[in-house]
Amino acid sequence: MRIENSFIPVDGVGERTERDLWRQGVTHWDAFDPSYVGPTTGERIESYIDEARDRLADADARFFGRRFPSNSLWRCYENFRDDAAFFDIETTGLSAERDRVTTVSVHRGGETTTLVRGDDLTGENVARLLDAPLLVTFNGASFDVPFLETSFEVDIDAPHLDAMYACRKAGLSGGLKEVEPAAGIERDRPDISGQDAVRLWHEHERGVDGSLETLVSYNREDAVNLRTLMDEVAGRLHEEVFEPERAADGGAEP
């Protein structure tokens, strides 16, 4: 599923109208003609497509982040995944007011960068690494993003795809460690948990050898696995949302 297959960003167009268009073979902007809908809706769709083509050519992810309903932002994934920032944080606890961020790992363009408290973990570096067209987290809307914004006084305003909700939409429930096996992901250290990450940081502060290296490895694996997980989930959602409509309209390709 790509942005160009979608019509729900248009004011007044819901999922029912979109499905009707797909069933008629209008599975891509290029196939749209106003005759498929009423005159007012047709004009709105044409206007949106004209602007959206230019915005997509400019890789303006923020435009689509504003236009897509939050529960459908996963449809933007295929268009922006190659330059998306997949990130995860570790902290000393759950309170952004009382606890501290210890590490931040960002996986982008095949490379993974980890910022460490007391070394290079600064607001400036966080903002730089998260200056991406699309952010992908797991439960980041409730935890990672507000925690970073509070701790470093940064404004993280890029379109944000929280994979936890996309997983639920695809029938995968639970935390990141629970949904990974269902997506075919195996961890190098499946025995380490978020609680262990807190312990490892405190051990590092006490000078225990290897604790920081283990924590960083765990944090980096979270970020890297997000790419694999979201690839799988986006594929499942495509088949669930779009493929049945393709079958109904004779198999038109997106």
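**Hairpin, cysteines and overall make-up**

Modeller: Strands β2 and β3 form a hairpin with two residues between them, and G109 in that turn has a positive phi of about 60°. Keep in mind that this is a predicted model.

Biologist: In what sense do β2 and β3 pair, and over how many bridges?

Modeller: Antiparallel, over six bridges. Strand β2 covers residues 101-108 and β3 covers residues 111-116.

Biologist: What stands opposite T103?

Modeller: V116, in β3.

Biologist: Switching topic. How many disulfides are in the whole structure?

Modeller: A search finds zero. For C76, the nearest cysteine sulfur is that of C167, 17 Å away. C167 is in no disulfide either, and the nearest sulfur to it is that of C76.

Biologist: Is C76 buried or exposed?

Modeller: C76 counts as buried because its relative accessibility is 3%, and the cut-off for buried is under 20%.

Biologist: And C167, buried or exposed?

Modeller: C167 is at 1% relative accessibility, so it counts as buried.

Biologist: Now the whole chain. How many helices and strands?

Modeller: The protein chain has 11 helices and five strands. Its C-alpha atoms fill a box of roughly 70 × 35 × 30 Å along the principal axes.

Biologist: What share of the residues is buried?

Modeller: 49% of the 254 residues. The chain exposes about 12100 Å², with carbon and sulfur atoms supplying 42% of that.

Biologist: How many positive and negative side chains?

Modeller: There are 28 positive and 52 negative ones. The centres of the two sets lie 3 Å apart.

Technical notes. Residues are numbered from 1 along each chain as its sequence is written. This is a predicted model: local features need pLDDT of at least 70, side-chain atom pairs count only at pLDDT 80 or more; totals for chains, interfaces and linings use all residues. Side-chain values use heavy atoms; hydrogens and water are left out. Two strands pair if DSSP finds at least two bridges between them. Helices (H or I, at least four residues) and strands (E, at least two) are DSSP runs, numbered from the N terminus. A disulfide is a pair of cysteine sulfur atoms within 2.5 Å. Buried means under 20% relative accessible area, exposed over 50%, partly exposed in between (1.4 Å probe, protein chains only). Accessible areas come from the Shrake-Rupley method with a 1.4 Å probe; for residues, only the protein chains shown count as cover. Lys and Arg count as positive and Asp and Glu as negative; His and the chain ends are not counted. The place of a charge is taken as NZ of Lys, CZ of Arg, CG of Asp or CD of Glu.
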